[in-house]
Amino acid sequence: MSNEDIESMKELLKQAVAPVPGGELRRDLWPQMLRKLDEQPFPVHRVPWFDWVLAAILSAVLILFPGSIPTLLYHL
Amino acid sequence: MELLERFAAGDLQAFEVLFRQHQKEVYAWTVRIVRDTGIAEDLTVETFWRIYKHRAQFKPNGNFRAWARRIATNAALDHLRRSRPETALPENLPCAPSPDGAVSREARDSINRAFRELPAKYRLVASLALVEEESYAEIAQAAGISESLVKVRVFRAVRILRKKLNSLRAEVATQ
């Protein structure tokens with residue numbers, strides 16, 4: 001593949017791919033932006049469910065096997 | 001407080017000022033990628049929505065224009081990935097007389113079809129580098145990739161287009 005190939009493809013594409021008619025924005029999109037902000041409020045940061053499961057398992061292990069606490073602290 | 005600092009802190013008025021300052025530029029960049037004015041308008045709004053959503057990640061001493069363009073490019077790329085290529089082109093369109101040396105209407109349709117069927121990441125660089133003749137450096141910055149990767153993708157896009165055009169020609173020849 002040479003630069004000539006790229007240049008010839010450029011020429012072909014320029015003739016085939018239609019130029020975009022509205023290259024410039026013709027209206028203010030702020031009202032649309034406000035609507036989107038109203039419709040899609042940002043999700044409140046949630047803790048994923050598997051984090052809760054992990055916390056529950058860890059708590060159960062610590063309650064059932066208190067001897068594991070020093071080991072856990074050592075690895076933290 | 002500076003405008004960008006206020007924006008990063010979540011001030012909606014500061015965001016509105018930035019929106020009005022940059023909406024035309026974001027739209028103009030997006031429309032060059034997706035080549036559809038309606039979709040480009042929607043994607044401009046989507047871009048600014050993402051900008052507002054991730055405002056905390058923006059460093060107020062950073063380049064807002066470059067950041068917005070990067071997000072716009074990603075939004076356009078997501079759109080290209082989601083949208084199915086339009087394989088069917090309208091039939092019986094009036095055929096305009098071609099100037100000397102120009103390709104025939106049939107060939108134009110084939111090229112158009114091959115272009116629309118390109119995978120999203122190749123269509124992005126093909127549109128910007130080959131049709132719009134943007135510099136590799138500009139595309140690299142907007143897409144968040146290296147210039148050499150842009151070059152590689154342009155080469156691959158041209159190769160895919162050539163292959164598709166050859167197979168389309170063979171298809172037409174067998175009909």
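These legends cover close-up views of a predicted model.

Local features need pLDDT of at least 70, side-chain atom pairs count only at pLDDT 80 or more, and totals for chains, interfaces and linings use all residues. Residues are numbered from 1 along each chain as its sequence is written, and chains are lettered from A in the order in which they are written.

**View 1. Chain A is built from helices and has zero strands.** Helices are DSSP runs of H or I with at least four residues, and strands are E runs of at least two. Of the 76 residues in chain A, 8% are buried, with 20 or more other C-beta atoms within 10 Å of their own C-beta, placed from the backbone.

**View 2. Chain A touches chain B.** Chain A gives 23 residues and chain B gives 30. Contact puts C-beta atoms, placed from the backbone, within 7 Å. On chain A, α1 (3–16) and α2 (30–39) each give two or more residues. The largest share, nine residues, comes from α1(A). This side has 14 nonpolar, four polar and five charged residues. Nonpolar covers Ala, Val, Leu, Ile, Met, Phe, Trp, Tyr, Cys and Pro; charged covers Asp, Glu, Lys and Arg; the others, Gly among them, are polar.

**View 3. The largest nonpolar core has 48 residues.** Such a core joins buried Ala, Val, Leu, Ile, Met, Phe, Trp, Tyr and Cys residues through C-beta atoms within 7 Å. A:L13, B:V125, B:A126, B:A129 and B:A157 touch the most other members. Helix α2 (residues 12–34) of chain B supplies the largest share, nine residues.

**View 4. B:V125 has contacts beyond its sequence neighbours.** Leaving aside neighbours within four places, B:V125 is in contact with B:I139, B:V150, B:R153, B:V154 and B:A157.

How values were computed:
A residue is buried if 20 or more other C-beta atoms lie within 10 Å of its own, exposed if 12 or fewer, and partly exposed in between; C-beta atoms are placed from the backbone. Two residues are in contact if their C-beta atoms, placed from the backbone, lie within 7 Å.
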